[in-house]
Amino acid sequence: MKKKKVANMLLTNYLLLFIFSTIIFIIVSLIISVSFKGLIKYEEIPELSAAQVMKDDYKTIDFSKILKYRGGIQVIDKNYKIVFSRGINPQNVTQYTSKFSEFLINSGKSQRKYHYSVAYNSNSDFWLEIVIPRKPQLVNGVFFDKDGIPIAIDNIIFILFLGALINVTSFIFGLIFYSRITSNNFVKPLKKLLSGVTKIASGDYSARVDLKSENEFGDLKDAFNLMAKKIESEKNLKEKSQDNRRKLILDISHDLKTPLSNIIGYSDLLLNNKDISENDREKFLAVILNNGTRANSLIGDLFELSKMGSPDFKLKLKSIDICEYLRELIASIIPQIEKSGFESCFEIPVGKKIILIDEAQIDRALLNILNNAFKYNPPGTQIKIVLKSFLSKVVIEIEDNGIGIPPEMSEEIFEPFKRVDSARNSQTGGTGLGLAITKTIIEKHNGQISLETAVGKGCKFIIELNS
Ligand code: ADP
């Protein structure tokens, strides 16, 4: 899936704000225009005639209706001079000429924009001219002039002003909403990451951050979780290795304690009992020798193992023909096979396969396995050595059909002091370090060792070495 960037998130939020404001703008405009339609009323103008409103004293004429329809009145004296004017005066003059008589003839007719009505007052000697616009006029509105006439233009300005005000307000709210969403998108993941970091800092290495983001915060979360996982596994490894070391020291002290106690016990017996028979003396000395040898081989094996674990340990590698090497090894164990009453079977390919090994160390590794087979299995057991040669590796299989090892121990049996049955071991005189040494040697050669086993079926050690 393509990663979402923070920039894309910001753009999305911005677009949301834009859409939100536009929708509010449209809704507000619609509401305003609908509600103001009710406020604005237009009315057809009745045809007002000058004769109808005529009064001898023109000052007493009620011209409010004329003005309401945005018309005008003019009072003209016998010299055609306009002596009184209210409202509109489309001719835009203060003095008519003689042509006024012509105008009077046509006045009753409707002109393009205005309707004119003229009447003569013979008592007071003046003409009254009424001008009324022909279009329907706005008669109701929000703003009115001093004569109570609605002002259409102000209505529009007012609507626009109100609309703009509402829109600006909604935009500000939108902006607050936008900043909330945006900061949420930043603050939330940051808070989660911070709580994860705090947990790690306080020693809780199981802390993980759960974040749905697929942007850079998502990457940060992945990196954080990976780091936490690594720290946790390092910590577990450290704890495990500390545990192992503690256990190793315990095992060493325990395994050394028995032979040393025996040696001290029997030496003490010999020293403090002068009248011991020659026979017993020999028996006790044999026990001392036995336990001394046991303690010595334990210390020897431990020394070997820790030497190999040190970074300074270097293999003395040599190119050898592994087929020939194994043939010689088999030849060297034939007497042992016969002595133990074992059967044998070997499958070594004819020809050569050159690999790089430290011969002495591999000798030690393979002999540990072979000696175990002799040590732990009864006569009649078959021992089988097979060499499989591949392009870039060789596989050596050492198999017996003896008593076997519980399969659940097939990995841990390679750990120091791991034994199937300690009673069985004390009889055989093993140190519990043989397979640990073997594994270390194979791994020093960048190889691998594994065990296939089942109780009563035997053991099959599989060693892979690079060629
Ligand atoms: P040890 O000195 O006790 O022989 P190892 O590390 O060599 O130590 O072997 C570990 C244990 O594995 C032995 O104590 C034994 O119980 C078991 N074991 C090893 N090889 C065999 C085998 N071929 N058949 C049965 N048990 C075996």
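Is Phe-217 buried or exposed in this predicted model? At 9% relative accessibility, Phe-217 counts as buried, because the limit for that class is under 20%.

**View 1. An edge-to-face pair joins Phe-186 and Phe-217.** The two ring centres lie 5.8 Å apart, with 85° between the planes. Phe-186 belongs to helix 5 (residues 152-201) and Phe-217 to helix 6 (residues 216-272), so the contact ties together parts of the chain that are 31 residues apart in sequence. Whereas Phe-217 is buried at 9% relative accessibility, Phe-186 has a value of 27% and therefore counts as partly exposed.

**View 2. Phe-63 and Phe-84 form a tilted aromatic pair.** The structure holds ten aromatic pairs. In the one formed by Phe-63 and Phe-84, the distance is 6.0 Å centre to centre and the angle between the planes is 55°. Phe-63 sits in the loop between helix 2 (50-53) and helix 3 (64-68), while Phe-84 is in strand 3 (residues 82-87). The pair thus links distant parts of the chain, 21 residues apart. Both Phe-63 and Phe-84 are buried. Ring pairs also bring in Tyr-58 and Phe-126, giving a cluster of Tyr-58, Phe-63, Phe-84 and Phe-126.

**View 3. Lys-393 lies over the face of Phe-390.** The distance of Lys-393 from the ring centre of Phe-390 is 5.8 Å.

**View 4. The side chain of Ser-117 meets the backbone of Ala-50.** A polar atom of the Ser-117 side chain lies 2.7 Å from the backbone nitrogen of Ala-50. Ser-117 is in strand 4 (residues 114-121). With a relative accessible area of 11%, Ser-117 is buried.

**View 5. The largest pocket has a volume of about 740 Å³.** This pocket is lined by 24 residues, and those closest to its centre are Lys-240, Asn-244, Phe-414, Glu-415 and Pro-416. Helix 6, helix 11 (434-444) and strand 12 (448-454) each supply at least two residues of the lining. Helix 6 gives the most, with eight residues. By class, the lining of the largest pocket holds nine nonpolar, five polar and ten charged residues.

**View 6. The second largest pocket holds about 580 Å³ of space.** Its lining has 34 residues, of which Asn-368, Asn-372, Lys-375, Tyr-376 and Leu-435 lie nearest the centre. At least two lining residues come from each of helix 7 (278-309), helix 9 (359-376), strand 11 (393-400), helix 10 (422-428), helix 11 and strand 13 (458-466). The largest share, eight residues, is supplied by helix 9. The lining of the second largest pocket divides into 13 nonpolar, twelve polar and nine charged residues.

View 7. Rolling a probe the size of a water molecule over the atoms shows where empty space is left. The count comes to one cavity of 30 Å³ or more. The residues that line the largest cavity are Asp-255, Pro-259, Arg-294, Leu-298, Gly-430 and Thr-431. Helix 6 and helix 7 each contribute at least two residues to this lining. The lining of the largest cavity has two nonpolar, two polar and two charged residues.

Terms used:
Residues are numbered from 1 along each chain as its sequence is written. This is a predicted model: local features need pLDDT of at least 70, side-chain atom pairs count only at pLDDT 80 or more; totals for chains, interfaces and linings use all residues. Side-chain values use heavy atoms; hydrogens and water are left out. Rings of Phe, Tyr and Trp (its six-membered ring) pair if their centres lie within 6.5 Å; planes under 30 degrees apart count as stacked, over 60 as edge-to-face and the rest as tilted. Helices (H or I, at least four residues) and strands (E, at least two) are DSSP runs, numbered from the N terminus. Buried means under 20% relative accessible area, exposed over 50%, partly exposed in between (1.4 Å probe, protein chains only). A charge sits over a ring if NZ of Lys or CZ of Arg is within 6 Å of the ring centre and within 35 degrees of the ring normal. A polar contact is a pair of N or O atoms within 3.5 Å; within protein, one must be able to donate a hydrogen and the other to accept it, and residues adjacent in sequence count only if both atoms are side-chain atoms. On a 1 Å grid over the protein atoms alone, a cavity is a set of points where a 1.4 Å probe fits but cannot get out, and a pocket is an open set with protein on both sides within 12 Å along at least five of seven lines; lining residues have an atom within 4 Å of a point. Grid points are joined across faces, edges and corners, and a volume is the space filled by probe spheres set on the points. Ala, Val, Leu, Ile, Met, Phe, Trp, Tyr, Cys and Pro count as nonpolar, Asp, Glu, Lys and Arg as charged, and the others, Gly among them, as polar.
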